Amino acid sequence: MARGLLLGGAVAALLTSAIPAAHAESPVVTNPPPDKIVIDVATVNGSGCPQGTAAVAVSPDNTAFTVTYSSYLAQAGGNSDPTWFRRNCQLNLIVHVPQGFTYAIASADYRGFASLQRGATATQKASYYFQGQPDTTTKTHPFSGPLNDDWQATDSTDVAQLVYAPCGVLRNFNINTELRVNAGTASPGKVSFMTMDSTDGDISTTYHMAWKACP
């Protein structure tokens, strides 16, 4: 897994944590800080991303990143192993932000392919939290059969409700994604499955950054 990922000055981490009340009135920064953000991938683990099956790549201009999975598949029904109905992957990031700034992320996009029989259901879920912080943001997207197509889900937070990382404190940022498939009332012997292909980050489309200057 690549380490020391350099994302463009507008890229930081992904969704929420808490900023002390004293920072709430810090000025909003229209333009992101000019210095690059350094993101170290501390750990990647889970049944949906066994060792060697997840890769993080950064765009040449350092304005986007992609997490690509090659073994992220949940399935149920037919002769499926009972444990395959749920797959998850936890990405633990160490985010180094330029001095004097803090960040929040408003949205994240996920995509993959789903083949769900009539009567089957599936969910894609993601949780976001900073190490040592009690607050966890969880987003869930349901799907139902019949479905045999690409899928995409977006986690988003209203601008007025953005929560920024604490100023002056280095906190590991965690993203825990999950796929679940339930055979439901599908015909016996019919297999339903759902895959996660990639998670993209882009300052202009997929991820929308918000910055604040620290006091």
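**Cysteines first**

Guide: Counting pairs of cysteine sulfur atoms within 2.5 Å, you get two disulfides. Bear in mind that this is a predicted model.

Visitor: Which cysteine pairs with C49, and how far apart are the sulfur atoms?

Guide: C49 is bonded to C89, with 2.1 Å between their sulfur atoms.

Visitor: Are C49 and C89 buried or exposed?

Guide: C49 counts as buried, at 2% relative accessibility. C89 counts as buried too, at 3%.

Visitor: What does C167 bond to?

Guide: C167 is joined to C214, with an S to S distance of 2.1 Å. The torsion about that S-S bond is -90 degrees, and the link of C167 and C214 is left-handed. As for location, C167 lies in the loop between β12 (147-156) and β13 (172-182) and C214 in the segment after β15 (209-213), so this pair ties together parts that are 47 residues apart in sequence.

Visitor: Buried or exposed, those two, C167 and C214?

Guide: Both C167 and C214 are buried.

Visitor: What pattern do the disulfides follow along the chain?

Guide: Numbering the bonded cysteines along the chain, the pattern is 1-2, 3-4.

**Strands and the overall picture**

Visitor: Let's zoom out. How many helices and strands are in the chain?

Guide: The chain has zero helices and 15 strands.

Visitor: Pick a strand for me. What's β9 like?

Guide: Strand β9, residues 107-116, is mostly covered, with eight of its ten residues buried. β9 pairs with β12 in the antiparallel sense, over ten bridges. One place to look is D109, which stands opposite T154 in β12.

Visitor: What does L147 touch?

Guide: Leaving out residues up to four places away in sequence, L147 touches A114, S115 and L116. L147 is in strand β12. The C-alpha atoms of L147 and A114 are 6.6 Å apart, though the two residues are 33 apart in sequence. At 22% relative accessibility, L147 counts as partly exposed, because buried means under 20%.

Visitor: What's going on at the peptide bond from G145 to P146?

Guide: That peptide bond from G145 to P146 is cis, with omega near 5 degrees. In general, most peptide bonds are trans. P146 is in the loop between β11 (137-144) and β12.

**Aromatics and the core**

Visitor: Switching topic: how many aromatic pairs does the structure hold?

Guide: There are three aromatic pairs. One of them is Y69 with Y72, an edge-to-face pair at 5.0 Å centre to centre and 90 degrees between the planes. Y69 counts as buried at 10% relative accessibility, and Y72 is buried as well, with a relative accessible area of 2%.

Visitor: Which residues touch the most other members of the largest nonpolar core?

Guide: Y69, Y110, W151 and M194 do, in a core of 35 residues. Nonpolar side chains in soluble globular proteins tend to be buried together.

Visitor: What does W151 touch?

Guide: Skipping residues up to four places away in sequence, the contacts of W151 include Y110, F113, F143, L179 and M194. R111 and Q124 are also among them.

Visitor: Last one: is G52 buried or exposed?

Guide: G52 is exposed, with a relative accessible area of 73%. You'll find G52 in the loop between β3 and β4. G52 and S71 are 19 residues apart in sequence, and their C-alpha atoms are 9.4 Å apart.

How values were computed: Residues are numbered from 1 along each chain as its sequence is written. This is a predicted model: local features need pLDDT of at least 70, side-chain atom pairs count only at pLDDT 80 or more; totals for chains, interfaces and linings use all residues. Side-chain values use heavy atoms; hydrogens and water are left out. Buried means under 20% relative accessible area, exposed over 50%, partly exposed in between (1.4 Å probe, protein chains only). Helices (H or I, at least four residues) and strands (E, at least two) are DSSP runs, numbered from the N terminus. Two strands pair if DSSP finds at least two bridges between them. Rings of Phe, Tyr and Trp (its six-membered ring) pair if their centres lie within 6.5 Å; planes under 30 degrees apart count as stacked, over 60 as edge-to-face and the rest as tilted. A nonpolar core is a set of buried Ala, Val, Leu, Ile, Met, Phe, Trp, Tyr and Cys residues joined through side-chain atoms within 4.5 Å. Contact means heavy atoms within 4.5 Å.
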